[in-house]
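Here are my notes on the structure for you to read with the sequence and the model open beside them. Please take the points in order, and look up each residue as it comes up.

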Amino acid sequence: MSIEIEPEKAQQPAGAGPAGPRPARPWWMRPAFHTGIIGAVIGYFLGHWLGNMLSYGYARNPLSDMNDFPLVLGYALGTIGWLAGLGVFNDLFRQMIGKPVPVAEEEAEAASGLARYFRYTLDHKVVGIQYLIGMIVYFCTGGLFAMAIRTELLSPTYHIMSASSYLMVVGEHGTMMMMMMSSVVLGPFGQYLMPLMIGSKRMAFPRLEALSFWLTPAAYVILLSGVLLGGFPTGWTGYAPLSVQATEGMDSYALAFGIMGISLILAGFNIFVTVINYRAPGMRWSRLPMFVWSMLTVSFLMVLAVPVLVGGLYMLITDRTVETAFFANQLGGSSYLYQNLFWFFGHPEVYILALPGFGIVSEIIPVFCRKPLFGYRVAGAGMIGVALLSFFVWQHHLFDSGINPEMRPLFMLTTELISIPTGFIYLVAMGTFWKAKIRFTVPMLFAMALYFNFLIGGISGVFLSDVPADTTEHGSFFVMAHFHYTIMGGLIFAFFGACYYWLPKMMGIKLNQRLGYLHFWTMFIFFNSTFLPLFAVGMLGQPRRVFEYARNLQPLNVWVSISAFLLGASILIFVINFIWSTVIVREKEVGNPWQSRGLEWQVSSPPPPGNFEHIPVVLTGPYDYGVKDAPPVADLNPPVGVVSASYATAGATEVEA
């Protein structure tokens, strides 16, 4: 465990001192969003031209008879141009030529005004707000595609789009939600709050943190550009050999998902290193907030699982551009290889989405129950168990594929075993609720809704882990309902609960509580009204990704579509509340409105530059609610020499070990 006692000193050539502040330039000459767009446009056209030059007279991809190389190279160089225009590489070039580079803390203190949110910045709090706005945009975009899907399914015979267009919309919706929403908690709340929760002044690698966010707009635009290219027919999974044979829209899927994968790897690595090395004195493993435990386990999954996905997508791109044959059965490859690579990422991905939700509600419920978190160590062990077991369940997605039937009993067993550590996490919450005097605030309602929704999703998941049952239900709307109950019913409800709980801390403003209650009840009611009937629709035989269905299922589909439109309206209530509260009214909140013991709430709202005036010394865990004579969670102004002595002791212990 280590953390800087003094602000970071940039080591300059020839022993020079730390870099001083650089003179400010006019806003239009400073790297920012607008220069990033210019760089992206230049990079794309340069890449497309270069791709045409390199592939002139040489047809690519014999399976689809198309030349994808110019488009792929255009996307790649466009992304590099976007990052260059933002100034991502400026500090690297400065160091290469021996010029001073800015220090993270000094830049955070110097940055001010609205313009900083449109720039590449080293302040983790600014990056967290950037992530928050970005994730809301990405989520609403995916929701609009969902509205188009439900509009098409109003009738089994009258169609507003063609079959290929419907597949395109389904693919864009699924990929937008699964790809972009992977960072919906880790980005806004993980980047912003985790250093505060562990008593750190910053993240371990501020430049990687900022880079992880600015890769996401590139992935978003590239994915949406697939609509102009005819989309992709594979859904969010991108199964080969169809993905090898598909039209150019498939390139946007592969490049966007790959770029987002790199963003996840960088974010996960940064969080992992920060938690291990940047905890304040006294912040033992047994005192870590549960949200930090969830971030730690999720970052573990990202660092180990996402590179497998990126490798698989790289192989897909080379199959489509330079005539490799990793996944082309006709040329000696194997489409099963892609399925295994994808789901080795894809099932840990489910827990990359689920565990942050449990981490959020584990922070919320002790505050509003005014009780210590029941079974703290059990909850931590449950998260670790879920993270480990998630690597041993991926082939249950292949039960119907015909691959290696002898492996089905093993993967059925491991899939059912993972419900045990998940149950530990669930029961910890039930124990905390027991005999508690609950305050039904908006964040608490969203937290309680998560457990209701996840229970339905978990019970329905038992059917899908069983081989005979999965044979009937696989590929139907039953699977889709199960998935939305576990992910949207869990992660997204937790995300909104976190917004109402932590935005007073992050932005120093209050969200309108009346609109918050209206948002919760409309979202909770219409979410269940939308997805609960889909279990019946699936059991009655309606397949996913098909826009024609039996006439007798039309009444249920009409009910679901109307409920989905009203569910979308509930999300609009949140967007209105967010804009109204943060832009128009801006009712200030500078204190601790929830009376939370969390370390992040012990400083002003929003936190000052550098987070803490002095490195705090943590005295106890964060959940001693209702404990008589409980000490404060931390000493924010420790006596001179205490912090230095603690690190000297830690260093001596490491040397002896």
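This is a predicted model: local features need pLDDT of at least 70, side-chain atom pairs count only at pLDDT 80 or more; totals for chains, interfaces and linings use all residues.

How many residues does the largest nonpolar core have, and which residues have the most contacts inside it?

1. The largest nonpolar core has 193 residues, and the ones with the most contacts inside it are F189 and W502. Among the elements that build this core, helix α12, which runs over residues 335–369, gives the most, with 19 residues. As background, nonpolar side chains tend to be buried together in soluble globular proteins.

2. **Around F189.** If residues up to four places away in sequence are left out, F189 touches L132, V184, M194, F291, F495, A498, C499, W502 and M506.

3. **The protein as a whole.** The protein has 22 helices and 2 strands, and 57% of its 657 residues count as buried. When the contacts with a separation of 6 or more are considered, 80% of them are accounted for by residues 24 or more positions apart. The protein exposes about 26,300 Å², and carbon and sulfur atoms supply 70% of that area.

4. L572, I576, I579, W580, V583, I584 and V585 make a nonpolar surface patch of about 670 Å². One of these residues, I579, lies in helix α21, which covers residues 554–585. I579 counts as partly exposed because its relative accessible area is 41%, a value in between the limits of 20% for buried and 50% for exposed.

5. **A buried charge without a partner.** E172 has its place in helix α6, residues 163–180. This residue deserves a careful look, for E172 is buried yet has no salt bridge, and the nearest side chain of opposite charge, R320, is 13 Å away. A salt bridge would need the nitrogen and the oxygen to be within 4 Å. Leaving aside neighbours within four places in sequence, E172 is in contact with F145, L223, L224, G226, V227 and F232. R320, for its part, is linked with D68 and D251 in a network of salt bridges.

6. Side chains of opposite charge can pair when their charged atoms come close. A search of the whole structure finds 7 salt bridges, and R94 forms one with D91, where the closest N and O atoms are 2.6 Å apart. Both R94 and D91 lie in helix α3 (residues 90–96), and they are 3 residues apart, which is about one turn of the helix. R94 counts as buried because its relative accessibility is 18%, and D91 is buried as well, with a relative accessible area of 10%.

7. **One lysine, two partners.** The side chains of K510 and E587 meet in a salt bridge, at 3.8 Å from N to O. K510 lies in the loop between α19 (488–507) and α20 (513–539), while E587 lies in the loop between α21 and β1 (617–618), so this pair ties together parts that are 77 residues apart in sequence. K510 also meets the side chain of E589 in a salt bridge, at 3.5 Å from N to O. E589 lies in the loop between α21 and β1, so its pairing with K510 ties together parts that are 79 residues apart in sequence. K510 counts as partly exposed at 33% relative accessibility, and E587 counts as partly exposed at 44%, whereas E589 is buried, with a relative accessible area of 10%.

8. **Two places to check by distance.** F33 is found in helix α1, residues 33–54, and is partly exposed, with a relative accessible area of 34%. The C-alpha atoms of F33 and G87 are separated by 9.8 Å, although these residues are 54 residues apart along the chain. Not counting residues up to four places away in sequence, F33 touches W82, L86, F118 and W214. Q245, in helix α9 (residues 242–245), counts as partly exposed at 33% relative accessibility. Q245 and D319 are 74 residues apart in sequence, and their C-alpha atoms are 9.6 Å apart in space.

Note on methods
Residues are numbered from 1 along each chain as its sequence is written. Side-chain values use heavy atoms; hydrogens and water are left out. Helices (H or I, at least four residues) and strands (E, at least two) are DSSP runs, numbered from the N terminus. Buried means under 20% relative accessible area, exposed over 50%, partly exposed in between (1.4 Å probe, protein chains only). Lys and Arg count as positive and Asp and Glu as negative; His and the chain ends are not counted. Contact means heavy atoms within 4.5 Å. A nonpolar core is a set of buried Ala, Val, Leu, Ile, Met, Phe, Trp, Tyr and Cys residues joined through side-chain atoms within 4.5 Å. Patches are made of residues with over 30% relative accessible area and no salt bridge: like charges are joined within 9 Å, nonpolar side chains (Val, Leu, Ile, Met, Phe, Trp, Tyr) within 5 Å. Accessible areas come from the Shrake-Rupley method with a 1.4 Å probe; for residues, only the protein chains shown count as cover.
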